[in-house]
Amino acid sequence: MAAIEMKNIVKKYGDGFAAVNDVSIDVADGEFLILVGPSGCGKSTLLRMIVGLEDITSGDMVIDGQRVNDLAPRDRNLSMVFQNYALYPHLTVYENIAFPLRLAGKKDGEVDELVREASTTLDLDEHLQRKPANLSGGQRQRVAMGRAIVRNAKAFLFDEPLSNLDAKLRGQMRTEIARLQKRLGITTVYVTHDQTEAMTLGDRVAVMKRGILQQLATPRELYEQPVNLFVAGFIGSPPMNFLPAEIDGNRVKLPFGTFELPAEKAERAAGKSLLMAGIRPEHFEDVSVLDPAAVDESRTFKATIDVREWLGDQQYAYIPYDADQLVQDHLRDLAREADSDSLRTQLVVSLDSASQAGDDGQSVLSIDIDKMHLFDPSDGENLTVGL
Ligand code: ATP
C-alpha cells in the first residue's frame, strides 16, 4: 500500500493539446479516490500516467515516496483493473489468481499459500477450480482483484470498470467494490463519468473539466459546497436548479418571487446585480404537508406545476418558468459541459410523497433560502461557498 502524490501534472499530446493541465492531487495511503468528469476531461489520461502507460509532460508523480515519472509500468507495482477484468478463459480461478506469481517464478508452496489467502479474503474458496466463463460478473471482478492482492500491489487503479453492465448489476458491483476496498484498505484510484458511482464509492472525489481539476473534496462537501457552477450542476440527480437572481440590497428576485437574503449571503452578493441562484430540488416543499406553525410565509411562493412524478418515497414536480435569452443560453452551455440534458428553464422540486400539489391548479411551495447558493455567472464561482 502506498500514498500517491500528483504534483502539477501536465499532459500535452503531440498537437500541443493539454489533456491534463496542472493537476495536483494527494491520495492518502488506503484512500479511495474517484476521478470524475464528463467525457474528454482527462481522467483516463491522468490514471494512465499514474500507472505508467502514458508519459508525463511535466510535474511529478510520486508513489510511496518515490518519483516514478521514468519508471516502467511493471516497476511501479500497481494493479490496473480493467473493464473486462482481463482474465484468462482457459485457466481456473486458482490459476488466474496464481498467474503473476508463476510469472515471477515463485515456488508452488508459496503460490498456494498466497492464492488461498487471497481467495479466503475475497470469498472465492468454493470457486477455485471453476473457469471465468462460469462465474458471475461480481465473482470475476473478485478474481481480478485477487490477482492484484497476491502481487501485493501498492494500489488498485480502476478505469470505468462497471460501464458495460446493466443498471442492477452495476449497483451490486458498486457495493461489492466499496466493501472490498474497505476490507483490504488498499489505496485506490477509480475513474468514472458516473456521478452516482463517484458519490457512493469515494472517500474523496476529484471533479475534472477540460483537463483542469475543479474541486477535490468529500462527496458531502461537493454536494453541499460546490465551488462553481460546473461542480454544482454535475453532482446531484436531479441536478441543482439554476435560476437568474436579481440582487437588490438584501433582497433577491427569482423568477417566481422575491425573497429576503440571509445577511451573510447578502454580504457576499454586495455590489452585484445579476447572479445565478442554485437551489437543490429537496430545498422546496409543498406547504400543505408542513406544520403551519413552522411555515415562514415570506419564504413561500405560488407555483403552477406542469408534471408530477410520484416515486413512492418522494415525488418530483416540474415548474417551467420564463427567462430571457441570456439565461437560457447560459443554462444550455452548462448542460452541455456537464453532460446533462436536464438543466432547463424549469424548476424541479422534490416533494413529500403525500403531497397533492398541482392537482387543483396553483400550489404554494416553500423555499429554503438558507440553502441557496449564489454564483457569479461571469466565471461560475460560488460566492456563497461555506455559508
Ligand atoms: P472518456 O470518459 O471519454 O474516456 P476522459 O475524461 O477519460 O474521457 P481522456 O481519454 O483522458 O478523457 O482524454 C482527454 C483529452 O485528451 C480528450 O480531449 C482526448 O481527445 C485527448 N486525447 C486522449 N488521447 C489522445 C491522444 N493519444 N492524442 C491526442 N489527444 C488525445
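These are my notebook entries on a predicted protein model.

**Ground rules.** I number residues from 1 along each chain as its sequence is written, and my side-chain values use heavy atoms, with hydrogens and water left out. Since I am reading a predicted model, I need pLDDT of at least 70 for local features and 80 or more for side-chain atom pairs, while totals for chains, interfaces and linings use all residues.

**Overall picture.** I looked up the secondary structure and found 10 helices and 21 strands (DSSP runs numbered from the N terminus: H or I of at least four residues for helices, E of at least two for strands). The C-alpha atoms fill a box of roughly 75 × 45 × 35 Å along the principal axes. Of the 387 residues, 51% count as buried (under 20% relative accessible area; exposed is over 50%, and partly exposed lies in between, with a 1.4 Å probe and protein chains only).

**Contacts.** I then checked contacts (heavy atoms within 4.5 Å). Among those with a separation of 6 or more, residues 24 or more positions apart account for 70%.

**Aromatic rings.** I found 11 aromatic pairs. For a pair, the ring centres of Phe, Tyr or Trp (its six-membered ring) lie within 6.5 Å; planes under 30 degrees apart are stacked, over 60 edge-to-face, and the rest tilted. One of the pairs is Phe259 with Phe301, edge-to-face at 6.4 Å centre to centre and 85 degrees between the planes. Phe259 belongs to strand 13 (residues 257–260) and Phe301 to strand 16 (residues 300–303), so this pair ties together parts 42 residues apart in sequence.

**A charge over a ring.** Which ring lies under the charged end of Arg280? I found Tyr223 there, with the charged end 3.8 Å from the ring centre (the rule asks for NZ of Lys or CZ of Arg within 6 Å of the centre and within 35 degrees of the ring normal).

**Helix 2.** My last stop was helix 2 (residues 93–103), whose buried residues are Val93, Tyr94, Asn96, Ile97, Ala98, Pro100 and Leu101. The cover over these buried residues includes helix 3 (108–121) and helix 4 (137–150). Just after helix 2, I spotted Gly105 with a positive phi of about 75 degrees.
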